[in-house]
Amino acid sequence: MANRTDPAAKSIRGTNPQNLVEKILRSKIYQNTYWKEQCFGLTAETLVDKAMELDHLGGTHGGNRKPTPFMCLVMKMLQIQPEKEIVIEFIKNDDYKYVRILGAFYLRLTGTDVDVYRYLEPLYNDYRKLRQKLPEGKFSLTHVDEVIDELLTKDYSCDIALPRIKKRWTLETLGSLEPRRSVLEDDFEEEEEKEENDQLDGLEEEAHEKDYYRGRSPARERDRDRRRDRDRYRERDYDRDYDRDYDRERGRGRDRDRDRERDRDRDRDRDRDRDRDRYRLRDEKDYGRDRERDREWEGRERERRDRDRGRRRSHSRSRSRSKDRKDREGGEHRKRHARSSTSPRRRDGAEENGTREEPKKKKERKEKKEDGTDHPDPEIAEANRLRASLGLKPLK
Amino acid sequence: MIEVVLNDRLGKKVRVKCNEDDTIGDLKKLVAAQTGTRAEKIRIQKWYNIYKNHITLKDYEIHDGMGLELYYD
């Protein structure tokens with residue numbers, strides 16, 4: 001039978017490897033034409049050829065949730081279970097980025113925790129663009145390192161629930177892994193030596209709060225260097241995930257300020273603080289990327305990056321506030337030329353205006369909180385709390 | 001504010017409070033919060049009409065107390 005797992009295959013996490021993909025998605029893949037035509041009788045070698053032909057990644061899309069060829073190949077790999085060396089070859093190969101992502105995805109599903117971190121982290125340095133198919137059917141732009149970040153931090157990607165792996169700091173305390181060394185670290189060692197103590201503490205406190213909030217290790221007892229490395233790593237993850245989940249709550253009104261600040265950043269001197277430096281380097285790369293992106297892709301990714309930069313700026317908000325007001329006009333002017341479309345804001349504009357008007361109308365409505373979580377009826381208050389956490393407006 | 005009942009005929013019956021101008025996507029998020037499935041995996045139907053994510057409940061004429069079918073993708 002074409003859909004049976006190779007009998008010589010080991011069980012992954014206690015079960016048939018194909019069961020890593022849940023039942024409904026599995027049936028969808030088996031019924032898919034690509035699976036039936038192309039994936040019949042594939043071996044590890046012929047699989048490579050098919051993988052080289054991939055041109056996008058994604059989960060399911062459309063009304064009847066059709067799986068992408070990427071999904072079918074992942075399924076095929078789970079079925080034939082190639083050896084670890086082959087998978088690592090997939091990851092190490094530099095020419096075909098989709099083969100790399102395929103290998104990385106498979107390793108994330110089937111590899112041990114240490115292997116996952118060891119082989120996927122070098123891929124953070126790969127900045128190539130990828131095409132991702134969204135559930136609505138459209139394509140969006142993403143990058144290799146973004147995908148790897150998702151694989152390492154989130155527990156759901158491409159419509160597959162990723163198996164749980166231990167957090168990095170657990171493995172570090174166990175001694176199985178070295179503390180993370182970023183490739184950019186050497187560049188920043190000089191910057192770190194120039195830093196003031198209070199600057200560092202101020203930043204770290206915020207970073208700690210957020211680390212703490214995200215349930216990662218309490219970092220206070222660790223020595224400063226290790227803390228710094230980890231915080232940098234965490235902040236990066238934190239920024240991405242935090243932005244996606246919480247940007248609605250934080251209020252989109254700040255986006256405009258952030259955009260202006262972003263343009264201003266390039267002139268800021270490097271000594272100021274390490275985060276800004278790190279992100280400024282990234283900004284310069286992003287800016288080059290952004291130009292292409294503006295032309296080709298929808299604004300959604302761009303807006304997310306704007307928000308990313310914006311959120312990072314928030315760390316230094318206290319210091320930069322006075323400058324912020326001064327540079328607002330200049331920055332805005334520059335911003336209008338740098339960024340063309342504002343269409344993504346359309347979606348946010350309504351919500352943004354809503355939350356801004358609400359504070360004004362607060363006294364008229366006699367509501368103490370915007371999102372109605374203090375409603376007298378406890379059930380409704382509970383419902384409103386849930387809605388606020390999901391980013392929805394309160395019940396009427 | 002209306003209350004909608006979603007039933008998957010396999011044991012999950014959930015009542016969700018929502019606004020009329022919420023979209024189906026929002027409703028799916030609320031249902032996901034209550035049932036524990038992922039919002040992307042939920043499909044809301046009425047007979048053979050699959051409800052689309054970007055349309056509001058008001059436009060689908062979903063009223064208070066109405067029952068919808070809950071399926072999974």
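The model is predicted, so local features need pLDDT of at least 70 and side-chain atom pairs count only at pLDDT 80 or more, while totals for chains, interfaces and linings use all residues. Residues are numbered from 1 along each chain as its sequence is written, chains are lettered from A and ligands numbered from 1 in the order in which they are written, and side-chain values use heavy atoms, with hydrogens and water left out.

Start with chain A. It has 18 helices and seven strands. Helices (H or I, at least four residues) and strands (E, at least two) are DSSP runs, numbered from the N terminus. Of the 396 residues in chain A, 51% count as buried. Here buried means under 20% relative accessible area, exposed means over 50%, and partly exposed lies in between (1.4 Å probe, protein chains only). Chain A exposes about 20000 Å², and carbon and sulfur atoms supply 47% of that area. Accessible areas come from the Shrake-Rupley method with a 1.4 Å probe; for residues, only the protein chains shown count as cover. Now take contacts, meaning heavy atoms within 4.5 Å. Among those in chain A between residues at least 6 apart in sequence, 68% join residues at least 24 apart.

Now look inside chain A, at helix H7 (residues 113-120). Six of its eight residues are buried, so H7(A) is largely enclosed by the rest of the structure. The buried residues are Asp113(A), Val114(A), Asp115(A), Val116(A), Tyr117(A) and Leu120(A).

What does H7(A) pack against? Two packed helices are described by the angle between their axes and the distance between the axes. Axes are lines fitted to C-alpha atoms, for helices over the stretch in contact, and angles run from 0 to 180 degrees between N-to-C directions. H7(A) packs with helix H8 (residues 144-153) of chain A at about 165 degrees, and the axes are 11 Å apart. That makes H7(A) roughly antiparallel to H8(A). The cut-offs are simple: under 35 degrees is roughly parallel, over 145 roughly antiparallel, 65 to 115 roughly perpendicular, and the rest oblique. The crossing of H7(A) and H8(A) is left-handed; that is, the near helix is turned anticlockwise from the far one by less than a right angle, whereas clockwise would be right-handed. On the H7(A) side, Val116(A), Tyr117(A) and Leu120(A) make the contact. They meet Ile148(A), Leu151(A) and Leu152(A) of H8(A).

H8(A) also packs with helix H6 (residues 97-110) of chain A. Here the angle is about 5 degrees, with the axes 11 Å apart. H6(A) is therefore roughly parallel to H8(A). From H6(A), the contact uses Ile101(A), Ala104(A), Phe105(A) and Arg108(A). From H8(A), it uses Val144(A), Val147(A), Ile148(A) and Leu151(A).

Turn to chain B. It contains one helix and five strands, in the order β-β-α-β-β-β along the sequence. Buried residues make up 44% of its 73 residues. Its accessible surface comes to about 4000 Å², and 48% of that belongs to carbon and sulfur atoms. Among contacts in chain B between residues at least 6 apart in sequence, 52% join residues at least 24 apart.

Thr56(B) shows how chain B brings separate stretches together. This residue sits in the loop between strand S4 (49-50) and strand S5 (67-72). Thr56(B) is buried, at 17% relative accessibility. Thr56(B) and Asp22(B) are 34 residues apart in sequence but 5.4 Å apart in space, C-alpha to C-alpha. Leaving aside neighbours within four places in sequence, Thr56(B) is in contact with Glu20(B), Asp21(B), Asp22(B) and Thr23(B).

Salt bridges come last. Each is a side-chain nitrogen of Lys or Arg within 4 Å of a carboxyl oxygen of Asp or Glu.

Which residue of chain B pairs with Glu379(A)? The partner is Lys17(B), with the closest N and O atoms 3.1 Å apart. This pair crosses between chains, from helix H18 (residues 378-390) of chain A to strand S2 (residues 13-18) of chain B. Glu379(A) is exposed, at 53%, whereas Lys17(B) is partly exposed, at 21%.

Lys396(A) and Asp21(B) form another salt bridge, with the closest N and O atoms 2.4 Å apart. Lys396(A) lies in the segment after H18 of chain A and Asp21(B) in the loop between S2 and helix H1 (24-35) of chain B, so this pair also joins two chains. Lys396(A) is exposed, at 62% relative accessibility. Asp21(B) is partly exposed, at 42%.

Within chain B, Glu40(B) and Arg38(B) meet in a salt bridge at 3.7 Å, N to O. Glu40(B) is partly exposed, at 41%, and Arg38(B) is partly exposed, at 33%. In chain A, salt bridges that share partners join Asp94(A), Arg100(A), Asp126(A) and Arg128(A) into one network.
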